[in-house]
Amino acid sequence: MRRDMRNTVDCFLYYMGKEATRQTVDALRATGLANEIWLLAAVPDADMPVDYFLLTDEPESGYIMQAVARKSKTPYTLLYRGPSALQLGYRAMERLMQVAGDSGAGMVYADHYRLTGEGRVPVPAIDYQAGALRDDFDFGSLQLFDTRLLRQAAGEMETDAYRFAGLYALRLSLSRIAPLVHINEYLYTEGAAAPDSRSGERQFDYVNPRNRARQVEMELACTAHLKRVGAYLEPEFEDVDPAQGEFEWEATVVIPVRNRVRTIRDAIRSALSQETDFPYNVIVVDNHSTDGTSEAIDEFRNDPRLIRLQPRCDDLGIGGCWNLAVHHAQCGRFAVQLDSDDVYQDTHALSVLVRAFYEQRCAMVVGSYVLTNFDRSLTLPPGIIDHREWTPENGRNNALRVNGLGAPRAFYTPVLRQVNFPNTSYGEDYAVGLALSRRYRVGRVYDVLYACRRWEGNSDANLNIAAMNANNTYKDRLRTWELQARIQYNQRHEGRP
């Protein structure tokens, strides 16, 4: 006999304009499952067919999230954050509650559709995992909570003073109590939002200076979570003496490349034009190019500093090419990144990076860069990316929240040879940076050393949702592994089994 599920969900909606809000309320009422409907809005509107208002212009603040948890009186709580009207699939609400009950989830979320000018477009989500610590993890606009667990999670939040990070902190708190479950079924449709920026630009939102106040709060929430799960690392580091060891070359610029005939000459010229008071060389790993890149590299064969390597195998990603270069006998004391698309900002970048190793006694140095168009005639938003969220005290903890560590990257070769890159062409630099930062200090240079040129050939330009989901899943997995490694690291240092 089917259990009576009427009036089992209290619903909380963001205000999305009068017509869209009315349509969403009608859709929820039509299910027969909605109990009270609350509208989160800056001002009350008597024309809105809702039961109550939560007045706020900061709907994801800590105070509002705790208010939602207090005011919900039904077994389940629905939060709809959509930018436009909600269309629920047939018996979708029942399906959400069924999976929530069967799985013991603290929250469930689902794949959905979005209406665009081209029709209804599927928007699949990805599975949540322990390392899904990004504050921009995309759950979709509709989330259903187990109210009892929601209240418990709200009670365990470290503060209600967040203006921006309340929902993020609540989600982290909830994840410590119960699973966050992805229903890979298309259960609802939302209208089109405001036009998104290109995927290649959205990836830099977390380092945009305009978002600094928000990012500070997100860092506080993530750091509190890491402390709760035993993965927080104190600012204590293993010492590095970069002067140890004998190397013929003080530094090596490493350029992995495949089919970049349009850009490789610029990259090599930039590397070979560095002005230094130490010997350096350039290792170009030509990963079986077929478009004339190999011939372009050969134009520099008369410079004794240039070493061209071609892998014997044909299954190497960018990380594998890096490993080939770093383990080469002619690799210098410091291995310094230069992507085949990009160039150094000036002729002193290499010297600045090498000097930072000695001054900061670190295993890795990360500089700052500027986004430009192909010919560097135009600076692209957000402009200079200096990752100032990386502080000596908390950078390696906050690294588990953000999606990258910056550029250019340089490594102390003896340590890098112990860690190695994963053999991938996405996230390989992030993976090795996380692993190194677990034990060693990461030095920072906030001067612009690098020009990252955006053009149609970039591997991360204008990705489709399947590619973005694959990339995000992989980085979440890297964070999961690193989270586990840091918990074990702390346990060993505390003398626990």
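1. E4 and E8 (residues 142-146) run antiparallel and are joined by five bridges; two strands are said to pair if DSSP finds at least two bridges between them. Strands here are DSSP runs of E with at least two residues, and helices are runs of H or I with at least four, numbered from the N terminus.

2. The model is predicted: local features need pLDDT of at least 70, side-chain atom pairs count only at pLDDT 80 or more, and totals for chains, interfaces and linings use all residues. Residues are numbered from 1 along each chain as its sequence is written, and side-chain values use heavy atoms, with hydrogens and water left out.

3. E4 is also joined to strand E1 (residues 9-14), again by five bridges, but here the strands run parallel. Within this pairing, Cys-11 has Leu-78 of E4 as its bridge partner.

4. Is strand E4 (residues 76-80) enclosed or open? Five of its five residues are buried, so the strand is largely enclosed by the rest of the structure. Buried means under 20% relative accessible area, exposed means over 50%, and partly exposed lies in between, with a 1.4 Å probe and protein chains only. Tyr-76, Leu-78 and Tyr-80 are buried on one side of E4, and Thr-77 and Leu-79 are buried on the other, so that both faces are covered.

5. Ala-42 belongs to the loop between strand E2 (34-41) and strand E3 (52-55). Its relative accessibility is 53%, and Ala-42 therefore counts as exposed. Neighbours within four places in sequence aside, Ala-42 is in contact (heavy atoms within 4.5 Å) with Leu-55, Thr-56 and Asp-57. Ile-64 is 22 residues from Ala-42 in sequence and 12 Å away in space, C-alpha to C-alpha.

6. The protein as a whole contains 15 helices and 18 strands. Its radius of gyration is 25 Å, close to the 23 Å that the globule rule gives for 497 residues, so the protein is as compact as a globular protein of that length. The radius is taken over C-alpha atoms, and the rule is 2.2 Å times the number of residues to the power 0.38.

7. Of the 497 residues, 56% are buried. Among contacts between residues at least 6 apart in sequence, 80% join residues at least 24 apart.
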